[in-house]
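Me: Could you take a close look at a single helix here and at what surrounds it? I would like one connected answer, with the cut-offs spelled out.

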Amino acid sequence: MRVGVLTGGGDCPGLNAVIRAIVRKGVTEHGFDFIGYRDGWRGLLEGQSMTLGVEDCRGILPRGGTILGSSRTNPFAIEGGVEKIRENLAGDGVEALVAIGGEDTLGVATRLAELGVDVVGVPKTIDNDLSGTDFTFGFDTAVNIATEAIDRLHTTAESHHRVLVVEVMGRHAGWIALHAGIAGGASIVLIPEQPFHIEEVCRLVERRFESEYAPIIVVSEGATPATGDMTTQDRALDDFGHVRLGGIGDRLAHEIESRTGKEARSVVLGHVQRGGTPSAFDRWLATRLGLEAADAVASGDFGTMMALHGARIARIPLAEATGELKLVGPEEYAAAEVFFG
Ligand code: F6P
């Protein structure tokens, strides 16, 4: 059987580990041959592909990014997109497709599965906001990077008696901010799920200074004040209708400095969180998900997504995973609040 593989959405540490596992198991145990589509759905729409054999996957396990390339192209936003996909799959002799991606890429896979395309999904996102799986690969690496940054910022914040605001990724979900904030001992964690009051933030900043320590505030890029709009860098939308975020850290630092008189600086970690080599946990998770995806194709279990349930890999319906985002609940947030101020 010929199987197509693609990676879509933002890149994420562990993508290459998944590709390697799918190909290794697919070739050696199931006798598949593979074709890699370049740059997510765009490659499949435009007929851009590459060979994907065991040899093409040598040495990629610890490498960040994706050897297949990625994009945020949405075939449902393009006239005739779905027909083009069917045509190109048939032309390449591809009988099954493995889509590795987040809510958008897997959302497309869900709709294609409903239209009869034989597809399985592998969840990927540093944001950890996909339902149906305990963790997505890439998240652990991002949290480790953010935690290391927070550790480093503590010492400079204390030496200079200044507030340091660390802006991390997280458009709708505050998982990275929450986990890195707890691991890094943040004085305040602000997430999209819990709109913040600037007066309260300033009160906590002042309380922290009373203890002779300097405050570190970890803020998700999608966090918003209780009143007012989301801060956006520009209004450009991608194919899935998302605005490009960024700027809340800077705005917060400015507001805190003018209200409290304490020097406040912001650091935006941005794409540093997504780049570079995956953590051991992410390599393990990505590999296990890839192995399961190869087995799902072999057993014709299409329309499913591979998921982590405890320490076990499970298959769940794609629709269940892409129906709604997994957000930080009040109880999870309360664990960080214990250490505020
Ligand atoms: O979905 C992963 C993610 O890293 C988000 O945390 C972030 O909002 C977005 O991608 C940024 O995307 P891009 O790199 O396309 O601007």
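Reply:

Helix α8 covers residues 248–260, and its 13 residues at 1.5 Å a residue should span 18 Å; the end C-alpha atoms are 18 Å apart, which agrees. The expected span is 1.5 Å times one less than the number of residues. Helices (H or I, at least four residues) and strands (E, at least two) are DSSP runs, numbered from the N terminus. This is a predicted model, in which local features need pLDDT of at least 70 and side-chain atom pairs count only at pLDDT 80 or more, while totals for chains, interfaces and linings use all residues. Residues are numbered from 1 along each chain as its sequence is written, and side-chain values use heavy atoms, with hydrogens and water left out.

I248, G249, L252, A253, I256 and T260 are the buried residues of α8, where buried means under 20% relative accessible area, exposed over 50%, and partly exposed in between (1.4 Å probe, protein chains only). Seen down the axis of α8, these buried residues fall within an arc of 130°, so they line one face of the helix. That arc is taken from the directions from the helix axis to the C-beta atoms. On the face of α8 turned away from the buried side sit the exposed residues D250, H254 and S258.

What do the buried residues of α8 pack against? Their partners are β6 (163–168), β7 (188–190), α7 (198–210), β8 (216–220) and β11 (264–268), with contact meaning heavy atoms within 4.5 Å. Just after α8, G261 takes a positive phi of about 80°.

The four strands in that list also belong together: β7-β8-β6-β11 is the order of an open sheet of 4 strands with parallel pairing. Two strands pair if DSSP finds at least two bridges between them. β7 and β11 are the edge strands, each pairing on one side only. Direction ignored, neighbouring strands of this sheet are turned by 20° against each other on average; axes are lines fitted to C-alpha atoms, for helices over the stretch in contact, and angles run from 0 to 180 degrees between N-to-C directions. The parallel pairing of β6 and β11 runs over 5 bridges, and V165 has S266 in β11 as its bridge partner. Helix α5 packs on the sheet too, touching β6, β8 and β11, and its direction makes about 165° with that of β6.
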